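This report describes one protein chain for a reader who has not seen it before. The sequence and the model come first, and the description follows.

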Amino acid sequence: MRAEIEALAADIRKSQALLKRHLNWDEALRRLDELNAASEDPNLWNDGDKAQKLMRERTQLDTQISTCRRLETEMADLIELIEMAEAEGDSDVAADAEAQLRALKALAAQMELETLLSGEADSNDCYVEINAGAGGTESQDWAQMLLRMYMRWAEKKGFKVEYLEESAGEAAGIKSGTIRVSGHNAYGWLKTEAGVHRLVRISPYDSQARRHTSFSSVWVYPEVDDTIDIQINEGDCRIDTYRASGAGGQHINKTDSAVRITHIPTGIAVACQTERSQHQNRARAWDMLRSRMYEAELQKREAAAQALEDTKTDIGWGHQIRSYVLQPYQMVKDLRTNVETSDSQGVLDGDLDQFMAASLAARIKGHEE
């Protein structure tokens with residue numbers, strides 16, 4: 001067998017071994033048997049929330065175990081096919097099997113990366129909040145471009161995106177916007193995107209076509225469920241209502257249905273305007289506030305665990321993490337990992353996995369060190 005094929009097989013075996021170790025293979029098989037048995041209980045759906053959590057855990061674990069087994073069986077079949085094709089001099093079949101083996105390696109690498117997403121809230125859904133920086137229309141347009149970028153990324157992942165709040169810009173773009181991203185490991189993937197994003201381009205709003213630099217901030221926080229206890233004293237909060245803005249039909253701008261809740265001791269504020277009634281927006285805003293408070297606690301734990309010299313890996317609010325240069329050349333560069341690409345349009349269309357993967361790996365490595 002050629003050295004190149006042996007190297008591909010070795011990489012797949014390595015990824016499979018890491019996945020099995022991460023799953024604690026024997027325990028994972030035992031747990032899946034338990035979940036399969038529980039899913040057949042006719043009384044399961046008497047408690048809808050509990051049933052949904054159980055079925056989601058079952059689906060995730062079954063997918064991981066099935067993928068691990070698939071890596072092993074398909075790799076063996078493809079290697080055997082390549083050996084037979086080469087022995088018979090059938091280069092077309094050998095080439096096709098080798099291409100499938102490379103695709104299997106890519107799947108193995110993806111699953112290996114998923115093992116990094118093992119934080120306390122990594123598997124949760126999350127909220128992505130974007131705020132335009134100083135700079136007026138330029139930064140507001142950039143904030144809207146970022147919001148579109150994350151929505152496109154989520155759609156490519158097969159995640160569900162829900163628009164929660166928007167404050168329209170004065171001439172174009174948005175001052176702020178919040179979306180909810182739902183899907184397995186949504187927070188785990190997106191958490192390293194928190195920080196300040198910098199755009200350099202020829203301004204479409206400048207009559208002299210000068211180059212402008214714009215900044216917008218991204219904040220990512222996980223959705224919390226009943227298993228995470230977050231206590232908030234309502235007396236510490238200020239609740240404001242206002243008229244919703246943006247697209248929304250006849251209901252928009254006619255009632256004070258939008259709700260903003262500010263936690264006075266911390267200054268954390270959240271807003272929701274997506275629902276048709278103030279009551280519904282208020283309930284959603286409380287959920288968002290609990291999530292923000294929980295994310296703040298996670299950040300405190302991380303900061304306490306980091307040595308001062310490791311602050312270069314901090315992704316907290318106010319730290320520039322990535323530059324997007326559209327003129328005079330095309331380049332997107334992550335300032336934490338030095339990963340860069342000249343395909344700036346692809347990145348703005350949601351091709352973010354290479355940046356997220358590098359940031360996750362660097363973050364885990366920093367914690368281990």
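Which residue takes a positive phi just after helix 5? Gly 158 does, with a phi of about 80 degrees.

The model is predicted: local features need pLDDT of at least 70, side-chain atom pairs count only at pLDDT 80 or more, and totals for chains, interfaces and linings use all residues. Residues are numbered from 1 along each chain as its sequence is written, and side-chain values use heavy atoms, with hydrogens and water left out.

**Overall make-up**

The chain has nine helices and 11 strands. Both are DSSP runs numbered from the N terminus, helices being H or I with at least four residues and strands E with at least two. Of the 369 residues in the chain, 44% are buried. Buried means under 20% relative accessible area, exposed means over 50%, and partly exposed lies in between (1.4 Å probe, protein chains only). Among contacts in the chain with a separation of 6 or more, 65% are between residues 24 or more positions apart. A contact means heavy atoms within 4.5 Å.

Eight strands form an open sheet with mixed pairing, in the order 2-3-1-5-4-9-10-11. Its edge strands are strand 2 and strand 11 (340–341), each of which pairs on one side only. Two strands pair if DSSP finds at least two bridges between them. In general, strands of a sheet pair through backbone hydrogen bonds, either parallel or antiparallel.

| Strand | Partner | Bridges |
|---|---|---|
| Strand 1 (residues 126–132) | Strand 3 | Six bridges |
| Strand 2 (residues 160–168) | Strand 3 | Eight bridges |
| Strand 9 (residues 320–325) | Strand 10 (residues 331–334) | Four bridges |

Strand 3 (residues 174–182) is mostly covered, with eight of its nine residues buried. Arg 180 in strand 3 stands opposite Tyr 127 and also opposite Glu 162. The hairpin of strand 2 and strand 3 has five residues between the strands, and Gly 173 there takes a positive phi near 70 degrees. Elsewhere in the sheet, Val 325 stands opposite Met 331 in strand 10.

Helix 5 (residues 137–157) has 21 residues and reaches 31 Å from its first C-alpha to its last, close to the 30 Å expected at 1.5 Å a residue. The expected span is 1.5 Å times one less than the number of residues. Helix 5 lies across strand 1, strand 2, strand 3, strand 4 (195–202), strand 5 (211–222) and strand 9, and runs at about 45 degrees to strand 5. Axes are lines fitted to C-alpha atoms, for helices over the stretch in contact, and angles run from 0 to 180 degrees between N-to-C directions. The buried residues of helix 5 include Trp 142, Leu 146, Leu 147, Met 149, Tyr 150 and Trp 153.

Phe 159 lies in the loop between helix 5 and strand 2. Phe 159 counts as buried because its relative accessibility is 13%. Not counting residues up to four places away in sequence, Phe 159 touches Trp 153, Ala 154, Val 181, Ser 182, Gly 183, His 184, Ala 186 and Trp 189.

Arg 292 is in helix 7 (residues 278–305) and is buried, with a relative accessible area of 9%. A polar contact of 3.1 Å joins its side chain to that of Glu 129. A polar contact is a pair of N or O atoms within 3.5 Å; within protein, one must be able to donate a hydrogen and the other to accept it, and residues adjacent in sequence count only if both atoms are side-chain atoms. Beyond neighbours within four places in sequence, the contacts of Arg 292 include Trp 219, Tyr 221 and Ile 268.

Asn 281 also lies in helix 7 and counts as buried at 0% relative accessibility. A polar atom of the Asn 281 side chain lies 2.9 Å from the backbone oxygen of Ser 257, and a polar atom of that side chain lies 3.4 Å from the backbone nitrogen of Thr 274.

**Cysteines**

Cys 126 counts as buried at 0% relative accessibility, and Cys 272 is likewise buried at 0%. The structure holds zero disulfides, a disulfide being a pair of cysteine sulfur atoms within 2.5 Å.
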